[in-house]
Amino acid sequence: PWINAQSSGKLDVRFARPGWILGPDSWFRFFYRDHFLRSGKVPLYGDGNQLMSIIHLEDCANQIIKLAEKGQKNQNLNVFSGAPVSQKYFAEMLASHLNAEVESIPVTKLQKEFGQTVTEALTTSIPMTTSHQELCKSDSFRYPDDESMIRSALSFFENKQSVLSKTP
């Protein structure tokens, strides 16, 4: 119904399509932080050549707010920060900050442990771009580069508490 309302112009519907969000209760926690805490190694899923468009949780929230407040009617926005990086680059950068090794996780092991959907999500290359540079200026990001995002994300390894309260 939302897509129909947007395409017909009946409602001002705006879609934000985030890339890989670095946050304490995200894919990052489950597939990187938790794996590292269990094994002492940083995982590399598949061949590592897949591209990831990453963004820090705080910058993601700010981009969504900008879309709501300053976006055009019925505008869609891909939400990411900086150029896409390979998963291999991401894993190696994370491992270097943790003084850890990178552990290769083959696709067959991913499929067996997590199923096809997760395997495709972790091994598919999805580099993002935007036609709306006015909403995505790098000077508006609190974490404008890979290094600053990784340094902040490392605090998620130390602070195990979620930003969201648990439901009863």
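**Briefing: helix packing, cores and selected residues**

Helices H5 (residues 107–114) and H6 (residues 116–123) pack with their axes 7 Å apart, at an angle of about 140°. That angle makes H5 oblique to H6. The model is predicted: local features need pLDDT of at least 70, side-chain atom pairs count only at pLDDT 80 or more, and totals for chains, interfaces and linings use all residues. Residues are numbered from 1 along each chain as its sequence is written, and side-chain values use heavy atoms, with hydrogens and water left out.

**Chain overview**

- The protein chain has 7 helices and 8 strands. Both are DSSP runs, numbered from the N terminus: helices are H or I with at least four residues, strands E with at least two.
- Of its 168 residues, 41% count as buried. Buried means under 20% relative accessible area, exposed over 50%, and partly exposed in between (1.4 Å probe, protein chains only).
- Among contacts in the protein chain with a separation of 6 or more, 83% join residues 24 or more positions apart. Contact means heavy atoms within 4.5 Å.

- Axes are lines fitted to C-alpha atoms, for helices over the stretch in contact, and angles run from 0 to 180 degrees between N-to-C directions.
- Under 35 degrees counts as roughly parallel, over 145 as roughly antiparallel, 65 to 115 as roughly perpendicular, and the rest as oblique.
- H5 and H6 cross in a right-handed sense. Right-handed means the near helix is turned clockwise from the far one by less than a right angle; anticlockwise is left-handed.
- H5 contributes Val107, Leu110, Gln111 and Phe114 to the contact, and H6 contributes Gln116, Val118, Thr119, Leu122 and Thr123.
- By class, the residues of this contact are 5 nonpolar, 4 polar and no charged. Nonpolar covers Ala, Val, Leu, Ile, Met, Phe, Trp, Tyr, Cys and Pro; charged covers Asp, Glu, Lys and Arg; the others, Gly among them, are polar.

**H2 with H4**

- The axes of H2 and H4 come within 12 Å and cross at roughly 45°. H2 is therefore oblique to H4.
- This crossing is right-handed as well.
- Trp27, Phe28, Tyr32 and Phe36 of H2 meet Gln87, Phe90, Leu94 and Leu98 of H4.
- The contact has 7 nonpolar residues, 1 polar and no charged.

**Nonpolar cores**

- A nonpolar core is a set of buried Ala, Val, Leu, Ile, Met, Phe, Trp, Tyr and Cys residues joined through side-chain atoms within 4.5 Å.
- The largest has 28 residues, and Trp27, Phe28, Tyr32, Phe90 and Leu94 make the most contacts inside it.
- Strand E2 (20–22), helix H2 (27–39), strand E3 (41–45), helix H4 (87–98) and helix H7 (146–158) each supply at least two residues of this core. H4 gives the largest share, 6 residues.
- Another core, of 6 residues, lies apart from it and includes Cys60, Leu67, Leu77 and Val79.

**Isoleucine 105**

- Isoleucine 105 is in strand E8 (residues 101–105). It is buried, at 5% relative accessible area.
- Beyond its neighbours within four places in sequence, isoleucine 105 contacts His35, Pro43, Leu44, Tyr45, Gly46 and Leu110.
- Its C-alpha atom is 8.6 Å from that of aspartate 47, which is 58 residues away along the chain.

**Positive phi**

- Most residues other than glycine have a negative phi.
- Asparagine 74 has a positive phi, near 60°. It lies in the loop between helix H3 (57–70) and strand E6 (76–79).
- Asparagine 99 has a positive phi, near 50°. It lies in the loop between H4 and E8.
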